Amino acid sequence: MDWIVFIITIVQFQLLAQEKWQGWVVALVNSGLWIILGYQQELYGLIALQLVLSCQFAFGLLRWTMKKGQANV
């Protein structure tokens, strides 16, 4: 599973670098996978990190959609 989340992380950052909103969604899903992986391998610091990053990704998606919504007006 660690290789899967590794590959998804690379895809996530490529989407974000291309300024695509899907990158934020992939980031949120990927954080969930990292949390599962951290729990399976008893890496509790990783779980805490991913919870913080999930909040940042959610706020990033919200800010991005609000910014794009204003541009369309």
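Reply: Let's begin with Q12, which is buried, with a relative accessible area of 3%; buried means under 20% relative accessible area, exposed means over 50%, and partly exposed is what falls in between (1.4 Å probe, protein chains only). Before we go on, please keep in mind that this is a predicted model, in which local features need pLDDT of at least 70 and side-chain atom pairs count only at pLDDT 80 or more, while totals for chains, interfaces and linings use all residues. Residues are numbered from 1 along each chain as its sequence is written, and side-chain values use heavy atoms, with hydrogens and water left out.

Q12 belongs to helix α1. Helices here are DSSP runs of H or I with at least four residues, strands are runs of E with at least two, and both are numbered from the N terminus. Once neighbours within four places in sequence are set aside, Q12 is in contact with G23, V26, A27, N30 and F57, where contact means heavy atoms within 4.5 Å.

Now widen the view to the two helices. Helix α1 covers residues 2-17 and helix α2 covers residues 22-40; their axes come within 9 Å and cross at roughly 160 degrees. The axes are lines fitted to C-alpha atoms, for helices over the stretch in contact, and the angles run from 0 to 180 degrees between N-to-C directions. So α1 and α2 are roughly antiparallel to each other; the convention is that angles under 35 degrees count as roughly parallel, over 145 as roughly antiparallel, 65 to 115 as roughly perpendicular and the rest as oblique. The crossing of α1 and α2 is also left-handed, a label used if the near helix is turned anticlockwise from the far one by less than a right angle, with right-handed used if clockwise.

On the α1 side, the residues that make this contact are D2, V5, I8, T9, Q12, L15 and L16; α2 contributes Q22, G23, W24, V26, A27, N30, L33, W34 and L37. Sorted by class, the contact of α1 with α2 has ten nonpolar residues, five polar residues and one charged residue. Nonpolar here covers Ala, Val, Leu, Ile, Met, Phe, Trp, Tyr, Cys and Pro, charged covers Asp, Glu, Lys and Arg, and polar takes in the others, Gly among them.

The loop between α1 and α2 holds E19. It is not a glycine, yet E19 has a positive phi of about 55 degrees. As a rule, most residues other than glycine have a negative phi. E19 is exposed, with a relative accessible area of 57%. There is a second case at E42, found in the loop between α2 and α3: phi of E42 is near 55 degrees, again a positive value in a residue other than glycine. With a relative accessible area of 56%, E42 is exposed.

The C-alpha atoms of L49 and W64 are separated by 22 Å, and the two are 15 residues apart along the chain. K68 of α3 is partly exposed, with a relative accessible area of 36%.

To place all this in the whole protein, there are three helices and zero strands, running α-α-α from the N terminus on. Of the 73 residues, 26% count as buried.
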